[in-house]
Amino acid sequence: MPLNYVTLPDGASLAYEIYGSENGTRQPLVLIGGVSNTRGDWQRIIPLLSRARRVLVFDHRGIGDSTFASSDLTAASDQLTIRSMARDLLYLLQHLEWKDIALCGFSMGGVIAQQLILFPYLPEDPISLRLRITHVLLAGTTPSTSFLTEENGKYGLPLARPPDKNKRLTLEDKKNLVRPTLAATFDPFWLNDPINAVRFEDMLERMTIGRPMRTIILQGRAMLGFSFQGLHANLKPAPHGPAVLIIHGTLDTVVPFSDGLKLLKLIPHARMVKVGDSVGQIDSLDFGHNWFEYYEAERWCAVIEKFLNTSGSTYSHTKALL
């Protein structure tokens with residue numbers, strides 16, 4: 001797909017790609033990545049998802065092929081917050097003039113997705129979206145910062161120390177630096193399964209490209225500094241608000257499974273992905289943070305398509321038994 005850019009009001013630019021045909025009859029799906037993610041990280045599920053709809057992937061400000069407004073980060077907007085990243089995304093969506101969309105937010109991307117749908121309910125300076133978000137999928141994410149501040153370091157992504165600026169790093173040096181971060185997104189069983197070895201090495205090499213440590217640090221700080229102040233209570237079931245699907249693994253050591261359950265309580269019409277053998281269900285909730293790298297890609301795409309092709313009212317009273 002051709003690489004496109006949109007220039008933000010402060011001069012920063014967001015790189016994005018749109019997969020799928022413009023003639024697709026189904027609403028576009030926006031994939032929102034987490035800390036250190038770039039748009040290429042979604043490649044396992046993009047080909048299947050884009051068969052019937054347009055799929056938007058993008059790089060957050062300052063990572064991948066996206067840029068900051070200032071090279072020295074002196075622009076206030078370059079000091080990343082969840083709100084500023086959600087505003088960046090909203091500007092991109094309004095630039096595309098899409099009026100009807102669905103969101104899939106992973107990890108920090110799930111927090112950004114929540115911020116986006118909560119913009120109209122901000123107590124001060126609410127923001128009109130000027131588009132309709134009908135479905136929101138929240139994967140491996142959280143409604144609050146408590147898992148980082150109250151769990152004594154048990155959760156969160158382990159980040160490598162910035163290397164010596166005077167040392168020229170080899171590819172292997174770079175891979176060793178990011179290996180603990182990537183490994184934390186999987187459980188030991190997945191990591192020790194030989195069938196996953198080649199995929200893990202491919203992901204590891206991809207992580208060494210286009211991911212400045214200064215941006216990742218700013219993203220991490222953003223995850224420590226947001227608050228939704230009880231705003232979830234404003235969300236209404238379809239057709240007055242978006243349907244919400246939660247995907248969260250019990251083996252997640254980055255964001256605890258309990259935070260997925262918190263979202264179910266905060267958004268009563270939300271539901272957890274179902275476990276079973278039917279189309280749109282998965283084998284088990286026993287998976288780690290990097291959810292779509294588990295099971296076959298077809299299983300996850302069936303989950304997403306079934307959710308997006310069903311009205312929110314159908315889901316509003318169907319939470320999985322846990």
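Reader: Which residues do ring pairs link into a cluster?

Author: A pair of aromatic rings is described by the distance of the centres and the angle of the planes. Rings of Phe, Tyr and Trp (for Trp, its six-membered ring) pair if their centres lie within 6.5 Å; planes under 30 degrees apart count as stacked, over 60 as edge-to-face and the rest as tilted. In this structure, the cluster consists of Trp-42, Phe-106, Phe-186, Trp-190, Phe-200, Phe-287, Trp-291, Phe-292, Tyr-294, Tyr-295 and Trp-300, linked by ring pairs. Please note that the model is predicted: local features need pLDDT of at least 70, side-chain atom pairs count only at pLDDT 80 or more, and totals for chains, interfaces and linings use all residues. Residues are numbered from 1 along each chain as its sequence is written, and side-chain values use heavy atoms, with hydrogens and water left out.

Reader: Is Trp-291 buried or exposed?

Author: Buried means under 20% relative accessible area, exposed over 50%, and partly exposed in between (1.4 Å probe, protein chains only). Trp-291 has 0% relative accessibility and therefore counts as buried; Trp-300 is buried with a relative accessible area of 0%. Phe-287 is buried at 1%, whereas Tyr-295, at 21%, counts as partly exposed.

Reader: In what order do the 8 strands of the open sheet lie?

Author: Strands of a sheet pair through backbone hydrogen bonds, either parallel or antiparallel. Two strands count as paired if DSSP finds at least two bridges between them. Helices (H or I, at least four residues) and strands (E, at least two) are DSSP runs, numbered from the N terminus. Here the order of the open sheet is β1-β2-β4-β3-β5-β6-β7-β8, with mixed pairing. Strands β1 (4-7) and β8 (271-272) are the edges, each pairing on one side only. β1 pairs with β2 (residues 13-19) in the antiparallel sense over 4 bridges, and Tyr-5 stands opposite Ala-15 in β2.

Reader: Which strands does helix α2 touch where it packs on the sheet?

Author: Contact means heavy atoms within 4.5 Å. Axes are lines fitted to C-alpha atoms, for helices over the stretch in contact, and angles run from 0 to 180 degrees between N-to-C directions. Helix α2 (residues 82-96) touches β1, β2, β3 (26-32), β4 (53-58) and β5 (100-106), and its direction makes about 55° with that of β2. Helix α3 (residues 108-118) also packs on the sheet, touching β3, β5 and β6 (132-139), with its direction at about 145° to that of β5.

Reader: What span does α2 reach from its first C-alpha to its last?

Author: The expected span of a helix is 1.5 Å times one less than its number of residues. With 15 residues, α2 reaches 21 Å, close to the 21 Å expected. Among its buried residues are Ile-82, Met-85, Asp-88 and Leu-92. Glu-97, whose phi is positive, near 60°, follows α2.

Reader: How many salt bridges does a search of the whole structure find?

Author: Side chains of opposite charge can pair when their charged atoms come close. A salt bridge is a side-chain nitrogen of Lys or Arg within 4 Å of a carboxyl oxygen of Asp or Glu. The search finds 18 salt bridges. In one of these, the side chains of Glu-17 and Arg-39 meet at 2.7 Å, N to O. Glu-17 lies in β2 and Arg-39 in the loop between β3 and α1 (46-49), so the pair ties together parts 22 residues apart in sequence. Glu-17 is buried at 11% relative accessibility, and Arg-39 is buried at 12%.

Reader: Where do Asp-88 and Arg-61 lie?

Author: The closest N and O atoms of their salt bridge are 2.9 Å apart. Asp-88 lies in helix α2 and Arg-61 in the loop between β4 and α2, so the pair ties together parts that are 27 residues apart in sequence. Both Asp-88 and Arg-61 are buried.
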